[in-house]
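Please open the model in a viewer and keep the selection panel at hand. The stops below are given in the order in which they may be selected.

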Amino acid sequence: MSELVVPLDQLTMRDVARVGGKNASLGEMIRNLGSLGVTVPGGFATTAEAYRRFLSHEGLDAKIAERVEGLDVSDVRALQAAGADIRAWIMDVPYPADLETAIERAFAEVERDGGAETSWAVRSSATAEDLPEASFAGQQETYLNVTGLDNIKLAVRRVFASLFNDRAIAYREHHHFRHRDVALSAGIQKMVRSDLGASGVMFTIDTESGFQDVVLVTASYGLGEMVVQGAVNPDEFYVYKPALKQGRQAVLRRSVGEKAVKMVYSDSAATDSPVRVVDVPETERRRFSLNDEQVSELARQAVTIEAHYGRPMDIEWALDGIDDTLYIVQARPETVQSRHGQVIERYRLKQRGDVLSQGRSIGQKIGAGRARVLGNLQEMDRVEQGDVLITDMTDPDWEPVMKRAAAIVTNRGGRTCHAAIIARELGVPAVVGCGDATETVPDGDAVTVSCAEGDDGYVYAGELDFDVDTVQLASMPEPPVKIMMNVGNPERAMSFARLPNAGVGLARLEFIINNGIGIHPRALLEFDKLPDELKTQIRPRFEAYGDPVEFYVSRIVEGVACIAAAFAPNPVIVRLSDFKSNEYANLLGGDRYEPHEENPMIGFRGASRYLSDDFRTCFELECRALKSVRDAMGLTNVWVMVPFVRTVEEARRVVELLAGFGLRRGENGLKLIMMCEIPSNAILAEQFLKYFDGFSIGSNDMTQMTLGLDRDSALVSALFDERNEAVKFLLTRAIDACRSAGKYIGICGQAPSDYPEFARWLVEQGIGSISLNPDTVVDTWIFLSQ
């Protein structure tokens, strides 16, 4: 075989200069990882020498060099004109005879192995592409479902021409790559029939936080171009690497994407339309496109690839709908989060405006400017430096204008779509998958785009004030006490875990139930008995999980596991659900089961609720979920905390109930903690501690119970003060009792976050840990260390 064309299975990463990073990586995996379970379709590649031979033919290279000399790529019109000229020249010049012969021979060999009916993907691989310092991904064209020699040769020519797409020319200029130093290889790879299955992208790192112990898998039906382009909102799965390595249940979290359309093979044999986009049936949209076994298998292949390359990777995969096999079709270095060091930027809105649109947040920053709502690329001149770009979706042709934007907002796309990838690389916030942003955000109005509030990103009316703090993690002093965090939102856990911490002192189960489920547990347990109207409201929420009760348990598992994995091996203290009756009644179906109470704050809550016949079956589901997190997933850093235990007898009974539901104190290292939040808890501390491994002080309830006031009442709110001497007396009593017994003592109430001097008083009393709201961790840490 000549040096103009090389079979993929003869390539390694030493061949980047010959065939580009993408094709070299395919060869590397075929040769070295096949025996380790990584499955990559075969094919062949044209070399950089073939590309240069093509351009030198009939003096085309000199003509191109003259055309780009002095080109100002910020002048969009000039850039478009130059690109169009060069691409037309490449399409017109004939193949050199030796290159054409080499392609014909190589295709004859792979066609003989794959069969005449096999279709092929023809992709670009630039010799400067997919290097760690920059991402050229997606800048050249990809052609799918290509059949027959003539169409292969045409696709290769089109791939060559795509090296001079407008975005590719601009990207090389911005990153100071000389045009003559970048050559192109065309990879001809056997198509995976994912048009009959599913496909997507996965990263061996969390793309938002840089957390390295997970694999993020995105998936949708049909060919992968729809996910890469951001034309669909895909399903998302997080897989925990340590659990995967141990052969345990490893899927941390699942999110059902809209998956409204998919790309499939066209019925037409026309060269220009080998694929088409069709609607996905409504019933399929509501289901996951992969099962847990397939997600875990993908993650195993991803981890194998990451270990081989020794760095976080960005991987495209495909599920063949005929042979039901999962294939890897591309792998390249992840180029954004892997560059982040020991510096954290914290963005915080100082005010909020009307929400104009919301979607999936990309990054954790805030940006503001004039909204420019664009219907197509022909309007790109309207976007000025510092504007907020709002459009349906982006592809690589949009990159020159994206570089001007203070923020990017799209109707379509998920976290691995084109807009998300480019926003991360540019370091600007983006909100993708909004659905309606081009309709609800007025063109020309001032807006603020916030990605600093968790998984959801918001577009607010007006330019809002916000703060930006920079934290140098390496320079943080040693504090005099363990600093933990209060975490309710699992979606932010991986980001919060980057802050210095000793674990989570309070993980609120009710946050997970309210935001991740939103349905009263009895309504799910008794789903078959519900009125049809209520069933219609509830069914779409659990449909992807198949069963209403499985949905409830799985969503709790996912929420707790995400927090536990992010902070492992540090302890994560999970408080069992502490909804009041009025809060439970607000869940879907809740008004059927909850009593009306004059003062729910001191009513049917905590241990009393768990022990009641009316709620015991619901409580068992919580226990089942926590047992699964600890035993099935191996996250034994989860401790269990019981709130609002009124009497010592109630303590004894609830500990017995937990044991009966599989959460036995001391078994598999399980620690049981009690919220110390009622005066009786401190007064009889030694007796309560017989049943628990320690206390976590709830200063909010302790204050209202000690001072006899309703903290929800504005009439007496001025009297609410955790620093009251009577409250401090009880806290000291609790701290002393735990220290004398050699048991855990911490505080998870609001007071230390609000009053740094109160935190210092707690340290002086001998508190073992202080759990703070994440936004106060750094400031309180520094204050206590002085």
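Begin with the hairpin of β20 and β21, in which five residues lie between the strands; there, G454 adopts a positive phi near 110°. Strands here are DSSP runs of E with at least two residues, helices are runs of H or I with at least four, and both are numbered from the N terminus. The model is predicted, so that local features need pLDDT of at least 70 and side-chain atom pairs count only at pLDDT 80 or more, whereas totals for chains, interfaces and linings use all residues. Residues are numbered from 1 along each chain as its sequence is written, and side-chain values use heavy atoms, with hydrogens and water left out.

Next, select residues 446-450, strand β20, which pairs with β21 in the antiparallel sense through four bridges; two strands pair if DSSP finds at least two bridges between them. T448 is found opposite Y460 in β21.

Move to the barrel, closed by eight strands in the order β23-β24-β25-β26-β27-β28-β29-β30 with parallel pairing. From one strand to the next, the twist averages 30° (axes are lines fitted to C-alpha atoms, and angles run from 0 to 180 degrees between N-to-C directions). The bridge partner of I573 in β26 is W639.

Finally, select H57, in the loop between α2 (48-56) and α3 (60-68).
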